[in-house]
Amino acid sequence: MSPDTITLSSVQNRAQERFTESGWPAKKSEAWKYTSLDALASASPQPANDISGAVAMPAGIAGQQSRLVFQGGLFRDDLSDALPAGVQLVMLGEDERALAAIDEIGASDNLVPRLTVAKMTAGISLRVAQGIVVDRPIMLQFVGGAPATASHPVIHIDVGDAAHLAYAEHHETDNGLSAPFIVVRVGGGATLDHIKLQLESATTQHLGLTCLSLGERADVNSMSLSLGGALSRLETHVRLDGEYGELGLSSIYLGKNNQHHDMTTRVAHEVANCNSRQIIRGVLDDKARGVFQGQVRVAPHAQKTDGQQMSRALLLSRDAEADAKPELEIFADDVVCSHGATVGELDETHLFYLRSRGIDEAEARAMLIDAFLIEAVAEIRHQGFADLFSPFLSGWQVPRKG
Amino acid sequence: MALLEIKNLHARIGDTDILHGINLTINRGEVHAIMGPNGSGKSTLSYVLSGRNGYEITEGDILLDGESLLEMEADERARAGMFLAFQYPVELPGVGGMAFLRAAVNARLREQGEDEVDQLGFVKLVRAKATELGIKDDMLKRAVNVGFSGGEKKRYEILQMALLNPSIAILDETDSGLDVDALKIVSEGVNSQRGPEIGMVVITHYQRLLSHIVPDFVHILSAGKIIKTGDKSLALDVEENGYTDLMENANVA
Amino acid sequence: MVATTETIAAVEDATGSYKYGFVTDIETEKAPKGLNEDVIRFISAKKDEPEWMLEWRLKAYRYWQKMPTPNWAKLNIAPIDYQDIYFYAAPKSAEGPKSLDEVDPELLRTYEKLGIPLNEQKMLAGVAVDAVFDSVSVATTFREELSKVGVIFCPISEAIREYPDLVRRYMGSVVPVSDNYFSALNCAVFTDGSFVYIPKGVRCPMELSTYFRINEQNTGQFERTLIIAEDSSYVSYLEGCTAPQRDENQLHAAVVELVTMDDAEIKYSTVQNWYPGDETGKGGIYNFVTKRGACRGDRSKISWTQVETGSAITWKYPSCVLSGKDSVGEFYSVAVTNGAQQADTGTKMIHLGQGSRSTIISKGISAGKSQNTYRGLVEMNKGAEGARNFTQCDSLLVGDQCGAHTVPYIVSRNPSAKIEHEATTSRISEDQLFYCLQRGMTEEDAVSLIVNGFCKEVMKELPMEFAVEAQKLIGISLEGSVG
């Protein structure tokens, strides 16, 4: 592809062609084995063109943040805050490098890079200049929308060498489909703190894909929470492209009623001397279903890799279901890689111990669930993000009948 | 003929030169101590002598009973009579302690054209020697060095030495990580194997070990060269005064 | 292995009477290459099978024709031309070697290392053996002892004729025709295999080994085995052989079905060393096996223990369906790949019954340029109250040109069921090797010692004779892989 064919419309056309060719993933496809998109494929919500009306803003990070607001998937510049110093925002169409990166991802078989790019409702590119320590977090706020509509925002973030950025995603919409596609390049020696809160309405389907690439000595700390939506899949692909990269990638999913939560990660160690660590916790009640798929791939020559992954799921009811597929693909030998997965229920002995100390059942269960989740929560490096996170966990628990 | 002759030995690891011309002669029945500050090349010397991969000899020779070792692989040198007691003995998950000992002893016997050990007799022999070193039976059933304390690891090294009957034993910082009691037991084990046929090289940073394993000769190693040789009193000297003066004098001289 | 020599001799001796139904004029009738209904009728006729058996085969064949070829594993399989295969009695290639001098010296070296006696070497290499053996018919004595306690152990073709009720009741009930592509093919064209029946309360007095069962040379490709253990019975069954087995036929698609009733136990051990092909994998065996155990009875138990080396391509997932209350499924496996081999192996533990338990210990060793994948499924269904699974998958990489992969699928539909899965990856470090070398062991010995230590938990589940052979075998299959 020659440079002069990288325009927004050429990239979008290509994405549309690719989507037409591959379509919605089939039930039997390996990557979507536990999550069915049949209902979504037939409903096929479309982007809305108009944006109007006031938007209720959820509480933000105590102190400050720079909010960028997306209503129904469309960028509301007028409702957004000014950017912190050192951060530049341009429309995606004006950033060739970003377009090239997005186009390349769409070449491999994946749903969101094709569908969302083709139907893009908003496209922005954020750049943090080299060496800048951004003084307050950027909050990507997703609100509004309606059941028949689809939100397809495409966001490219470039964190320059030795820079520091914290960005949060807050998804609390009424969309039929929210399908954000976010691509982040973390430069050499740069650090990134990230948190994603999926708090969609009970009828929303959320398919998010975040693609991260880390340069030499880059350091990324990321946490995702899936709490809302009817069906959600939070997919994260990470490439460790530079030596001595550090990745902490954690997630928590909490399911009730008939919710379906899918957390899928792919971490690729392409070069030597990088460390990756994933802690996943899921709690499922009623008829909810939780899926964790975590692939760690170590390329030949990616020696001295340290890749760890631990996933635990807790089933609170007879009808809940947890599925896990932690996968290791190792082509280098001087590595330390391990993964673990457990599924079970609250320990009766622990429950009894708390109750024997006078604590009622509901509170005892809540305490044990908190304890179960705490190891993951402790992974959040950014204090402001950790504070933002906690109320959602305690608020989730339903008091149980004795 | 000397048991071990180290002649003008120069060695490097990767691009870094570490040994800059070591000369040392060890006769049967002698115990030589090699002392020196960190980075002087003590461990390198032990690895170069035992034939570990990654070290290149750029000049000089090592002769064991008059035969050059340079072309010999690590296991060939071992079967020729060289033993190294490691500073950090490595773990071998799943490999039982007794099975390991048997494999090592049989390798030696096969080389000499003899039959492999009789199982029952071997177990008795091992148990007897193990008891002398305060090694309990269940430790022998565990996997080699897995979960062993520092003292246990060093004792297991000395047990191996007792079973393999080397002609030259190199003890690489055998005292590191040992408390007073462990040090005593290990030293007794080593001393019980001293004799007119065996030569020993005791590498250590501190004098303490040498009060228990009393050397015939003490050499000070600094920056890859032996800068001073003396008898056991040299070790006490070092303890009193440290290495700095000695090193400075060496440079001046 | 003295017993084996005697057995082979006895086998040779007993050939005439044991191969009931195989008359000498077989030499003149062979089915042509390829697969169609005529070939299947031919096979069924040769075996003198009842009508219902032929119908069963034909039904399976028609089903197979409609199935798509599988390709989902991480395997590189060249498409198999089914019309280029002999499904019945492949002809012997020219003539066998006249003496050991004509046999590939590599093969002989391996036999020596495994401690196989000379006569046995001849037998395995296909050298015509003179009838110099002892005429004590071990096989006959053996069968007598078994029949005293009511144990049936015979070729499956014999069972179809002699015990049709048992066969009809159980065959295809654990691995149905429709299960997968290769099992459907097997149902249509299987020619040999074991049938074992252990009556109530009987503990089979000896380990049953496939040595004792006649294998017509070159038809071991589509074996079908059925083992039934009635209430409170026990049997230990050994399959395979450590000597590298060449075979005219590249494709092996066996089906093994096990059934245990209340309080019964079947221990099924496999040591397989098929010819792996040359360094590029050419000419090696494709080993696609469907093995499944149904723990139908309460407190019943099925253990699969396997040591797999060899084969160019291995695709097998011995599995257990744990229906009985408190039933137990176990899977212990060592899979070694070297050269250009590819292995995709693992297990499925399907928990249906209350209190069911499963243990999976898988050790994969990859060397050379090989790829070794563990693929497993642990499924806890709604009725599996208080069920438990423990899985440990460890991979050992030897050298930096190979790959080790772990793909576990975990599904839980019952909160009281506990699943614990762990996987680690490691290698033989320079330090470990040097430690052993410094103790006088050769590099070969050192690798063998360390690798066997790595596999220890699995090896101790193997019956004694197999364990000793298997250890040697692992050492040999890793030759030349380090340094």
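The model is predicted, with local features reported only at pLDDT of at least 70 and side-chain atom pairs only at pLDDT 80 or more, whereas totals for chains, interfaces and linings use all residues. Residues are numbered from 1 along each chain as its sequence is written, chains are lettered from A and ligands numbered from 1 in the order in which they are written, and side-chain values use heavy atoms, with hydrogens and water left out.

The predictor assigns the complex an ipTM of 0.86 and a pTM of 0.82. For chain C the mean pLDDT is 80, and 74% of residues reach 70 or more. In that chain, pLDDT stays under 50 over residues 1–28, for which the model has 40 contacts (heavy atoms within 4.5 Å) beyond four places in sequence. It also stays under 50 over residues 90–95 of chain C, with 6 contacts beyond four places in sequence. Where pLDDT is low, the predicted coordinates should not be read in detail.

Chain C contains 13 helices and 19 strands. Of its 483 residues, 62% are buried, where buried denotes under 20% relative accessible area, exposed over 50%, and partly exposed in between (1.4 Å probe, protein chains only). The accessible surface of chain C (Shrake-Rupley method, 1.4 Å probe; for residues, only the protein chains shown count as cover) comes to about 18,500 Å², and carbon and sulfur atoms account for 50% of this area. Among contacts in chain C between residues at least 6 apart in sequence, 85% join residues at least 24 apart.

Helix α9 of chain C (residues 181–189) is largely enclosed by the rest of the structure, because 9 of its 9 residues are buried. The buried residues include Tyr181(C), Phe182(C), Leu185(C), Cys187(C) and Val189(C). Their cover includes helices α2 (37–46) and α3 (51–66) together with strands β4 (224–229), β6 (251–260), β8 (286–295) and β10 (313–316) of chain C. Leu54(C) is located in helix α3 and is buried at 11% relative accessibility. Beyond its neighbours within four places in sequence, Leu54(C) is in contact with Ile40(C), Arg41(C), Ser44(C) and Glu49(C). The C-alpha atoms of Leu54(C) and Arg41(C), 13 residues apart in sequence, are 6.9 Å apart.

In chain B, Val186(B) belongs to helix α7 and is buried, with 0% relative accessibility. Residues up to four places away in sequence aside, Val186(B) touches Lys154(B), Arg155(B), Ile158(B), Thr174(B) and Leu178(B). A C-alpha separation of 7.1 Å is found between Val186(B) and Ile158(B), which lie 28 residues apart along the chain. In chain A, Thr210(A) is placed in strand β13 (residues 205–214) and is buried at a relative accessible area of 6%. Its contacts, neighbours within four places in sequence excluded, are Tyr167(A), Glu169(A), Ile182(A), Glu235(A), Thr236(A) and His237(A).

Most residues other than glycine have a negative phi, and most peptide bonds are trans. In chain B, phi is positive and near 45° for Asn165(B), and likewise near 45° for Glu173(B). Asn165(B) occupies the loop between α6 (150–164) and β7 (168–172) and is exposed, with a relative accessible area of 60%. Glu173(B) lies in the loop between β7 and α7 (180–192) and is buried, at 11% relative accessibility.

A search of the whole structure located 9 cavities of 30 Å³ or more. On a 1 Å grid over the protein atoms alone, a cavity is a set of points where a 1.4 Å probe fits but cannot get out, and lining residues have an atom within 4 Å of a point. Grid points are joined across faces, edges and corners, and a volume is the space filled by probe spheres set on the points. The second largest cavity has a volume of about 80 Å³. Of its 14 lining residues, Ser362(C), Gly364(C), Asn372(C), Tyr374(C) and Ser395(C) are the closest to the centre. Elements giving two or more residues to this lining are β12 (328–337), β15 (357–366), β16 (371–380), β17 (388–397) and β18 (403–412) of chain C. The lining divides into 3 nonpolar, 9 polar and 2 charged residues, with Ala, Val, Leu, Ile, Met, Phe, Trp, Tyr, Cys and Pro counted as nonpolar, Asp, Glu, Lys and Arg as charged, and the others, Gly among them, as polar.

Methods:
1 Å grid on protein atoms, 1.4 Å probe; cavity = no way out; pocket = protein on both sides within 12 Å on 5 of 7 lines; lining within 4 Å. Helix = DSSP H or I, 4+ residues; strand = E, 2+ residues; numbered from the N terminus. pLDDT = per-residue confidence, 0-100.
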